[in-house]
Amino acid sequence: MKKVREIMSKDVVTATTKDNIYELAVLMKNHDIGFVPVVEGEKLIGVVTDRDLVIRGYAAKHSGSTAVSEVITTDIRTIQPDISVDDAAKIMASSQIRRLPVVENGNLLGIVSIGDLAVREIFVNEAGEALSSISEDQHREPARSR
């Protein structure tokens, strides 16, 4: 059975608490990502998503110079590198999340995403259901006409 360590993305773009929300937005744009782990050294202290930037940052009328600490999510689910891919998929499904930071002794080793599961042809039903449920929840928000 495959372990998360074998499929996780190891080349992870990270930020620190010294960064501001504008710098995170630029990081996301330049790397075409919507999820940035925040670290102190190698220790994971939280994550910031593109939604965090919008909801807790710009929509809350914070300027781009606002500290990352104003928008960071610190209560995050993480996994160990030696759990099975199936178990990771079950965690993603039950928590309805698309990405899981992989940590060992508090240090960030990588990220496993639903895409990692799908691309490597080990996509399990639980991960598929999680993605479907997450996508449905996002599409339920009414569209606004201009």
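How many nonpolar, polar and charged residues does the lining of the second largest pocket have? The legends below take this up, starting with the helices. This is a predicted model, in which local features need pLDDT of at least 70 and side-chain atom pairs count only at pLDDT 80 or more, while totals for chains, interfaces and linings use all residues. Residues are numbered from 1 along each chain as its sequence is written, and side-chain values use heavy atoms, leaving out hydrogens and water.

**View 1. Helix α2 (residues 21-31) packs with helix α3 (residues 50-57).** Their axes lie 10 Å apart, at an angle of about 150°. The two are therefore roughly antiparallel (an angle over 145 degrees).

**View 2. Here is the contact of α2 with α3.** From α2, I21, L24, A25 and M28 meet D50, L53 and G57 of α3 (contact means heavy atoms within 4.5 Å). Five of these residues are nonpolar, one is polar and one is charged (Gly counts as polar, Asp as charged).

**View 3. The second largest pocket holds about 210 Å³ of space.** A pocket is an open set of points on a 1 Å grid where a 1.4 Å probe fits, with protein on both sides within 12 Å along at least five of seven lines; lining residues have an atom within 4 Å of a point. Among the lining residues are S9, D32, F35, R99 and S113. Strands β1 (35-40) and β4 (107-113) each give two or more residues to this lining. By class, the lining has six nonpolar, three polar and three charged residues.

Technical notes
Axes fitted to C-alpha atoms, helices over the stretch in contact; angles between N-to-C directions. Helix = DSSP H or I, 4+ residues; strand = E, 2+ residues; numbered from the N terminus. Parallel < 35°, antiparallel > 145°, perpendicular 65-115°, else oblique. Points joined across faces, edges and corners; volume = space filled by probe spheres on them.
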